[in-house]
Each structure stands twice: as structure tokens, then as C-alpha cells.
Amino acid sequence: MLLATSRRKGNWILRKGQVKSEKAATASVVEEMYEEAGARGTIGQGAGSPVRLPFDRSGEGAANEQMHIFSLEVDTTLPIWPEMFQRQRRWLNLQDVEELVKGAHFRATLKRFATIMAPIT
């Protein structure tokens, strides 16, 4: 798995992003992965697996907001990308990802997601 750090605290987190109203969710995912981790590829199987967040991202009391997890089958990681001076990126196996990612809900989500994903050969 390719992880990138958060901009503010430098934590290893699942890449997140708002879906822009004029774009499909999958197009937003592809764009975010390029900007934040310098990765290019195509949305893979299991696209859109839902997960409930146990906190309020909006600041408006909307706890348990729903988020979708997408897989991007990466075919290229670029040496230069838009947020390269704001984030680190690293390829990791699932066990290492589970140790680094903050938030038990994200770790549990990654485990569930990994069980439905067929290995890419």
C-alpha cells in the first residue's frame, strides 16, 4: 500500500479528500492521489467500500459521517508531485500500515478492505 503523511501533523493516514461537485468520486480520488502522493493509476476493484467515521469532520455535529474507501492500482509514482514538500510517501505492507496509521477505525477499515481485495498479480 502507498501511504502519505498528513500535511499538518505528519501522521501516516488514509488519503482523504472532498469530492468536488463537478467531478465523479473516482475522478477526485485519482486527482488527490496525484497531488498528495505523486501516484498515477486507475481505480481498482472494490471501489467505493463504505466506512462510517466515528467523529465529526464538518464541525457541525455530523458524527458518524460516511466515507468511501477506493483502491487505486498504481502504475507510476512520480519523482516530482504537487505536495512533495508538504508530505512524505512510503510503500508498505498491510501489517506495517496497521502499525503506522492512527485511528482504530481506520486500521479496522483497512483490515476489512484487504480481506475483500484479491491480490494483484
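1. The buried residues of helix 1 are covered by elements that include strand 1, strand 3 (39-43), strand 6 (72-77) and strand 7. In this predicted model, local features need pLDDT of at least 70 and side-chain atom pairs count only at pLDDT 80 or more, whereas totals for chains, interfaces and linings use all residues. Residues are numbered from 1 along each chain as its sequence is written, and side-chain values use heavy atoms, with hydrogens and water left out. Helices (H or I, at least four residues) and strands (E, at least two) are DSSP runs, numbered from the N terminus. Buried means under 20% relative accessible area, exposed over 50%, and partly exposed in between, with a 1.4 Å probe and protein chains only.

2. Helix 1 covers residues 25-37, which makes 13 residues. From its first C-alpha to its last, helix 1 reaches 18 Å, close to the 18 Å expected at 1.5 Å a residue; the expected span is 1.5 Å times one less than the number of residues. The buried residues of helix 1 are Ser-28, Val-29, Glu-31, Glu-32, Met-33, Glu-36 and Ala-37. Gly-38 follows helix 1 and has a positive phi, near 65°.

3. Met-33 deserves a separate remark. This residue lies in helix 1 and counts as buried because its relative accessibility is 11%. Setting aside residues up to four places away in sequence, Met-33 touches Leu-2, Arg-15, Gly-38, Ala-39 and Leu-72, where contact means heavy atoms within 4.5 Å. Met-33 and Arg-15 are 18 residues apart along the chain, and their C-alpha atoms are separated by 7.5 Å.

4. How many helices and strands does the protein chain have? There are three helices and seven strands, and along the sequence they follow the pattern β-β-α-β-β-β-β-β-α-α. Of the 121 residues of the chain, 33% count as buried. Among contacts between residues at least 6 apart in sequence, 59% join residues at least 24 apart.

5. Three strands form an open sheet in the order 2-1-7, with antiparallel pairing. Strand 2 (12-13) and strand 7 (89-91) stand at the edges, each with a single partner strand, so one side of each is left without a neighbour in the sheet. Two strands count as paired if DSSP finds at least two bridges between them. In general, strands of a sheet pair through backbone hydrogen bonds, either parallel or antiparallel.

6. Strand 1 (residues 2-5) pairs with strand 7 over three bridges, in the antiparallel sense. Within strand 7, Arg-89 is the bridge partner of Ala-4, and Arg-90 is the bridge partner of Leu-3. Strand 1 is joined to strand 2 by two bridges, and these two strands run antiparallel; here the bridge partner of Ala-4 is Ile-13. Strands 1 and 2 form a hairpin with six residues between them, and Gly-10 in the turn has a positive phi of about 75°. From strand 1, Leu-2 and Ala-4 point one way and Leu-3 and Thr-5 the other way, and all are buried.

7. A nonpolar core is a set of buried Ala, Val, Leu, Ile, Met, Phe, Trp, Tyr and Cys residues joined through side-chain atoms within 4.5 Å. The largest has 11 residues, including Leu-3, Trp-12, Val-97, Val-101 and Leu-110. The elements that give two or more residues to this core are strand 5 (66-69) and helix 3, and helix 3 gives the most, with three residues. Apart from this core lies another, of six residues, among them Leu-2, Ala-37, Ala-39 and Leu-72.

8. Where is Val-101 placed? Val-101 is in the loop between helix 2 (94-100) and helix 3 (104-116). At 1% relative accessibility, Val-101 counts as buried. Leaving out residues up to four places away in sequence, Val-101 touches Leu-3, Trp-12, Phe-106, Arg-107 and Leu-110. Val-101 and Trp-12 are 89 residues apart in sequence, and 5.2 Å apart in space, C-alpha to C-alpha.

9. A final point concerns confidence. The pLDDT is the predictor's confidence in each residue, from 0 to 100. Its mean over the protein chain is 79, and 74% of the residues reach 70 or more. Confidence is lowest in strand 4 (residues 49-52), at a mean of 64, and highest in strand 7, at 93. Where pLDDT is low, the predicted coordinates should not be read in detail.
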